[in-house]
Amino acid sequence: MQPIGGRWNPRADFEQTVLAHEPSVTPDQFTKAIAAGDQFFAASSSTPDHDEYHGVMLRELGVKASSELLADLRRDVPPEVFLETYPDVQETLEELSRRSVPMAVVSDAWPNLPDLHAGLGIRRFFDAYAISSVLGCDKPDPRMYHHASAALGLTPAQCLFIDDDPALVAAALELGYAGCALCRDSTVADVPSISSLTEVLDFF
């Protein structure tokens, strides 16, 4: 899946939500606050708590992190408001499922990822999730990979790990997994790569 508008964090409605509480915030202030949030996110050993992350940006904005505002920033909204799947995803997952290929998600994400997938209509394809904010570590920590393969009842050698970051695929290869980088933008990778998720079907 990909964020509508191209930004994963903060969610696409961040500015609109803050402005509803504090209308005086300017676009330049938002730019600086989001940069501060990016730095905080990058420095965290695992995916940070929503309120902590939003609190960093609100402090940069000079806006009080009231319980009402924090709750508004983490409120549930339909995933189709800010997320969409790539065109090749649904049909590929359908075919893999038809071929009885067990699948797990390994993601540096918040705990609500399965709910987001459910809203996008793809949750039913996955047998397990390895989520950084739940496990307390990020890829390429081996625990992320091993949690997923163990949940599927498979050894690393029986699994194909796919990621859009070639470095994370390289880490999986070192752990004994098969691996393939999904390079939609034609980026040259130092690991086996594909340009469309549909090409995964050739492995099964």
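Two strands count as paired if DSSP finds at least two bridges between them. I keep that beside me as I open this predicted model, where local features need pLDDT of at least 70, side-chain atom pairs count only at pLDDT 80 or more, and totals for chains, interfaces and linings use all residues. Residues are numbered from 1 along each chain as its sequence is written, and side-chain values use heavy atoms, with hydrogens and water left out.

**Entry: strands**

I looked up strand β3 (residues 104-107) and found that β3 and β4 pair in the parallel sense over four bridges. Strands here are DSSP runs of E with at least two residues, helices are runs of H or I with at least four, and both are numbered from the N terminus. Opposite S107 I found I131 of β4. Next I followed the side chains of β4 (residues 128-131): A128 and A130 point one way, Y129 and I131 the other way, and all are buried. Buried means under 20% relative accessible area, exposed means over 50%, and partly exposed is in between (1.4 Å probe, protein chains only).

**Entry: a pair of helices**

How far apart are the axes of helix α2 and helix α3? I noted 8 Å, with an angle of about 145° between α2 (residues 27-43) and α3 (residues 50-61). The axes are lines fitted to C-alpha atoms over the stretch in contact, and angles run from 0 to 180 degrees between N-to-C directions. From α2 the contact (heavy atoms within 4.5 Å) takes in residues including F30, A33, G37 and F41, and from α3 residues including Y53, V56 and L61. I sorted the residues of this contact into ten nonpolar, two polar and three charged. For that sorting, Ala, Val, Leu, Ile, Met, Phe, Trp, Tyr, Cys and Pro are nonpolar, Asp, Glu, Lys and Arg are charged, and the others, Gly among them, are polar.

**Entry: salt bridges**

How many salt bridges does the structure hold? I have eleven in my notes, each a side-chain nitrogen of Lys or Arg within 4 Å of a carboxyl oxygen of Asp or Glu.

I began with D163 and K139, whose closest N and O atoms are 2.7 Å apart. D163 lies in strand β5 (residues 160-163) and K139 in the loop between α7 (132-135) and α8 (142-152), so this pair ties together parts 24 residues apart in sequence. Both D163 and K139 are buried.

R143 and D141 form another salt bridge, at 2.8 Å from N to O. Shared partners also join R11, D13, D72 and R75 into one network of salt bridges. Within it, R75 and D72 meet at 3.7 Å, N to O. R75 is partly exposed at 30% relative accessibility, and D72 is partly exposed at 24%.
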